[in-house]
Amino acid sequence: MCHLASGENPRSGGDHRGFRLGMGSGRVRDKYDPAIGALPTMRWGTKRGLEMALARWMGYARVVTTESGAAQPPRRTAEGAVAGVLADRIVTVPNVLSVARLFSVPLFLWLLLVERADGWALALLVASAVTDFLDGKLARLLDQSSRLGALLDPFVDRLYLVTTLVAFVIRDLVPWWVAVLLIARDVVLTVTLSVYKRRDLPPPEVIYLGKAATFALMSAFPWLLAGQMDWAADGFARAFGGALLIWGTAVYLWTGVLYTGKAVAVARALPAVKRHTAQPIEFACDVRTKGRLVTQTPEDLRYTVEHEWIRRIAPTRVRVGITDYAQSQLGDVVFVQLPEKHADVAAADSIAEVESTKSVSDIYAPLSAKVVAVNERLTSEPETLNTDPYGEGWLFELEVNEAASLDVTLDELLDAAGYQGVIGG
């Protein structure tokens, strides 16, 4: 097996000076630049790379550059996290509120079922609803979004919903069949997630009507509990709580039908995706004899001359990444700047950036569409672009308005054989 020597390109036979993902506009930083002078030979063999290493040692997650190319630390929150990046932080205000709600679940059950202290149970239920509202608001206001929070908050919400339903059934505040229907709906939707996972798709976008139904149900519980207490408006509380329960249950079940229908449509329209994992790069002979680079080019993808792959994942939606050949030419990827989510982009727009120890290269939009998802994992694990370019190393997803227009665009792109011709395979 032959290996690529440091700084050499097996196709050019010389120094790595000119590989770009995007039609010649990648900004290559070599180990010597007359503008900045020579730097010691090292893995981070560029001035920008050294600045990035120092910035990350100081705790920055990404480095922003000015037009001149100088690295600047990005805007940071008081806790030292980079604004807008989903981080691995644990101790944040929203997470503390979610944990407090989590530990209040057994206390709520004890107050409601053992002590029959309906007043205290009601106060705790209201406090839980308030903190549920606040943790999302504070996460955005304080820029304290985190992976833990993204998992913990919906888990606690579902736990509170299920435990409250069970407790209310035990207290005869809610009919048992209502609880069965609501829990069954969530079980069915959990099963449908496997449809998306097998096709390497993200979960479906939240239907706002479903949010309204959840809000109605969570609002119904305090009113139903207040209706059991001896006070002037107990009759109104029971009636209003019952109305919210009926409306919320009906809409909650209807959105379950919509989610299930969407999963069935995806299963019928798209086959399960075979996961591709990049293999170690091998050469037929020594690099100095210009040996042929062995890379993967999956047959089920479309390609661009800018070394990007496109996979159709829904009738109007595609996933985009860089090819195995591209990542092998870039070398070790150390930073990925992703496009803004929900941004409208035009074909050939530069919308992202990939930085390796060798160069900085632009990523171009392969078609005119809207950015509907980005791979947040790459902000903390940019090396995934090297290890799994066709799988976990995807960059972003684009969506168009009409499936017919996407059909035409994809037909105009390169197939595997055409792309092999571009790279000389």
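Reply: Two strands pair if DSSP finds at least two bridges between them. Helices (H or I, at least four residues) and strands (E, at least two) are DSSP runs, numbered from the N terminus. The model is predicted, so local features need pLDDT of at least 70 and side-chain atom pairs count only at pLDDT 80 or more, while totals for chains, interfaces and linings use all residues. Residues are numbered from 1 along each chain as its sequence is written, and side-chain values use heavy atoms, with hydrogens and water left out.

The chain holds 12 helices and 16 strands. Of its 425 residues, 46% are buried (under 20% relative accessible area; exposed is over 50%, partly exposed in between; 1.4 Å probe, protein chains only). Contacts (heavy atoms within 4.5 Å) between residues at least 6 apart in sequence join residues at least 24 apart in 67% of cases.

Asp 157 and Arg 101 are both buried.

The axes of α2 and α4 (lines fitted to C-alpha atoms, for helices over the stretch in contact) lie 9 Å apart at an angle of about 10 degrees, on a scale from 0 to 180 degrees between N-to-C directions. That makes α2 roughly parallel to α4 (under 35 degrees; over 145 is roughly antiparallel, 65 to 115 roughly perpendicular, and the rest oblique). Residues in the contact of α2 with α4 comprise 16 nonpolar (Ala, Val, Leu, Ile, Met, Phe, Trp, Tyr, Cys and Pro), three charged (Asp, Glu, Lys and Arg) and six polar (the others, Gly among them).

Arg 317 and Glu 397 meet through their side chains at 2.8 Å, N to O. Arg 317 lies in strand β10 (residues 317-322) and Glu 397 in strand β16 (residues 396-399), so the bridge ties together parts 80 residues apart in sequence. Both Arg 317 and Glu 397 are buried.

Strand β16 also pairs with β15, antiparallel, over four bridges, and there Lys 370 stands opposite Glu 399. Strand β15 (residues 369-374) is mostly covered, with five of its six residues buried. Strand β12 (residues 344-345) pairs with β15 too, antiparallel over two bridges, where Val 345 stands opposite Ala 369.

Another antiparallel pair is formed by β11 and strand β13 (residues 350-356), joined by four bridges. Here Val 333 has Ser 356 of β13 as its bridge partner. Strand β11 (residues 333-337) is mostly covered, four of its five residues being buried.

Two further cases complete the look at salt bridges. Arg 377 and Glu 381 form one with their closest N and O atoms 3.1 Å apart. Arg 377, at 32% relative accessibility, counts as partly exposed, and Glu 381 counts as partly exposed at 30%. Finally, a network of salt bridges links Arg 158, Arg 185 and Asp 186.

Technical notes:
Salt bridge = Lys/Arg side-chain N within 4 Å of Asp/Glu carboxyl O.
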